[in-house]
Amino acid sequence: MRRGSIDVRLATAAVTAVVVVAALWAALLGAISQPKDLKARLAAIDTRLDEAERLTKSRGDAAAYADGTVCAETGQGADALKKRIETGAAAASVALTSLAVTPASGVDAGGQLSPVRLELEASGKHEAILALLAALDRDRPAIFVDTADLKPQAGGGVTLKLNGRVLCWTSAHP
């Protein structure tokens, strides 16, 4: 059996043609896939990134929160949060057996977020407890719940033990 010989010039020309067609095809696909205003879009993104970086390095805006909110002044705000919970419990017909709202200590407030601790124990009808939780969920700043225990009691009542925190921007940089 005799094998046919391969014409090297013809094979080289065929490979070169395939490479040239592939390169042209890639260039064409690249050209049609790039938006016409790509440079303007990238410039806008760079501007937004620069602004975000500038804002993270600057001091916080004290007026970002309304007077009396938890995050405006941690001590007075903690009192306001406590009153908000007491009012919500009274409106939902829930008995508060324990309520502690503790502003962050110096150790806790070392970062940029200042936690305000919340410990709550309440009892009442199941629907009333759920109404209290829904009211707390609607208010701002948000309460982040670490633990929540809901236990049934005789007569359709429940007890709630909740531990959580409210996180506030302190504008303090480490």
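Residues are numbered from 1 along each chain as its sequence is written, and side-chain values use heavy atoms, with hydrogens and water left out. Because the model is predicted, local features need pLDDT of at least 70 and side-chain atom pairs count only at pLDDT 80 or more, while totals for chains, interfaces and linings use all residues.

The chain contains 4 helices and 4 strands, taken from DSSP runs (helices, H or I, at least four residues; strands, E, at least two) and numbered from the N terminus. Their order along the sequence is α-α-α-β-β-α-β-β. Of the 174 residues, 19% count as buried, that is, under 20% relative accessible area with a 1.4 Å probe and protein chains only; exposed means over 50%, and partly exposed lies in between. Among contacts (heavy atoms within 4.5 Å) between residues at least 6 apart in sequence, 61% join residues at least 24 apart. The chain exposes about 12400 Å², of which carbon and sulfur atoms supply 59%; areas come from the Shrake-Rupley method with a 1.4 Å probe, and for residues only the protein chains shown count as cover.

The average pLDDT (the predictor's confidence in each residue, from 0 to 100) is 78, and 75% of the residues score at least 70. Mean confidence is highest in helix H1 (residues 8–33), at 92, and lowest in helix H3 (residues 74–91), at 78. The value stays under 50 over residues 107–111, which have 6 contacts beyond four places in sequence, and over residues 170–174, which have 14 such contacts.

Beyond its neighbours within four places in sequence, valine 94 is in contact with Ala89, Ala122, Ser123, Ala128, Ile129 and Leu132.

Serine 93 lies in the loop between H3 and strand E1 (95–102). This residue has a positive phi of about 60 degrees although it is not a glycine, and at 61% relative accessibility it counts as exposed.

In soluble globular proteins, nonpolar side chains tend to be buried together. Leucine 29, in helix H1, counts as partly exposed at 38% relative accessibility. Together with Trp25, Leu28 and Ile32, Leu29 forms a nonpolar surface patch with about 440 Å² of accessible area. Patches are made of residues with over 30% relative accessible area and no salt bridge, like charges being joined within 9 Å and nonpolar side chains (Val, Leu, Ile, Met, Phe, Trp, Tyr) within 5 Å; a salt bridge is a side-chain nitrogen of Lys or Arg within 4 Å of a carboxyl oxygen of Asp or Glu.
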